[in-house]
Amino acid sequence: MIIDAHCHAGRGDRLNAPWNTNAPLDAYLRRARAAGIDKTIVVPAGHSDYAQANAELARIVARQPGRLIGFASVHSQRDAGRIYEIVARAVREFGFCGLKVHAYDALPTREVCDAVRRLRIPMLGDVVGRGQIVDLLAPEYPGRNFIIPPL
């Protein structure tokens, strides 16, 4: 099985998301299948309300359950104080398998790392050229999987 990790499924109020444009994933899924990619991790990216974006992404994933794997997203500063609640809903209710945090939005925080530890899920963390962040997180959270693209 080959997994394409990751396809951004939208960017907030820009017109490029499957839920706010006529931008279906069908063409991508055909190309992925032709390339031998069986599953694709999808994340909501650059959204102003990740609780809403995660719910919208859940509807997209539900239409392609054998092909799409949902990862939740949060903004570590804007969502502070409710990170666990947002991610737990995505995992338990939507069946998401991980969390995506993008350092371009906000760096991962202890609250974010505690949530992934409690939920026993990996964190996909785009550190935007700041690889030293991995040196800070990994020793604090042994046994947690941190996926760091492109490192």
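**Core and salt bridges of a predicted model**

Asp79 counts as buried, at 3% relative accessibility. Buried means under 20% relative accessible area, exposed over 50%, partly exposed in between (1.4 Å probe, protein chains only). This is a predicted model: local features need pLDDT of at least 70, side-chain atom pairs count only at pLDDT 80 or more, and totals for chains, interfaces and linings use all residues. Residues are numbered from 1 along each chain as its sequence is written, and side-chain values use heavy atoms, with hydrogens and water left out.

Asp79 has a partner. Its side chain meets that of Arg82 in a salt bridge (3.1 Å, N to O). Such a bridge puts a side-chain nitrogen of Lys or Arg within 4 Å of a carboxyl oxygen of Asp or Glu. Arg82 is partly exposed, at 32%.

Asp79 also touches Val74. Contact means heavy atoms within 4.5 Å. Val74 touches Ile83, Val87 and Leu99 too, among others.

Now the core. The largest nonpolar core has 37 residues, and Val74, Val87, Phe96 and Leu99 have the most contacts inside it. Helix 3 (83-92) is among the elements giving two or more residues. The largest share, six residues, comes from helix 3. A nonpolar core is a set of buried Ala, Val, Leu, Ile, Met, Phe, Trp, Tyr and Cys residues joined through side-chain atoms within 4.5 Å. Helices (H or I, at least four residues) and strands (E, at least two) are DSSP runs, numbered from the N terminus.

The whole structure holds four salt bridges. One of them joins Arg110 and Glu140, at 3.6 Å between the closest N and O atoms. Arg110 lies in helix 4 and Glu140 in helix 5, so the pair ties together parts 30 residues apart in sequence.

Notes:
Lists of a residue's contacts leave out its neighbours within four places in sequence.
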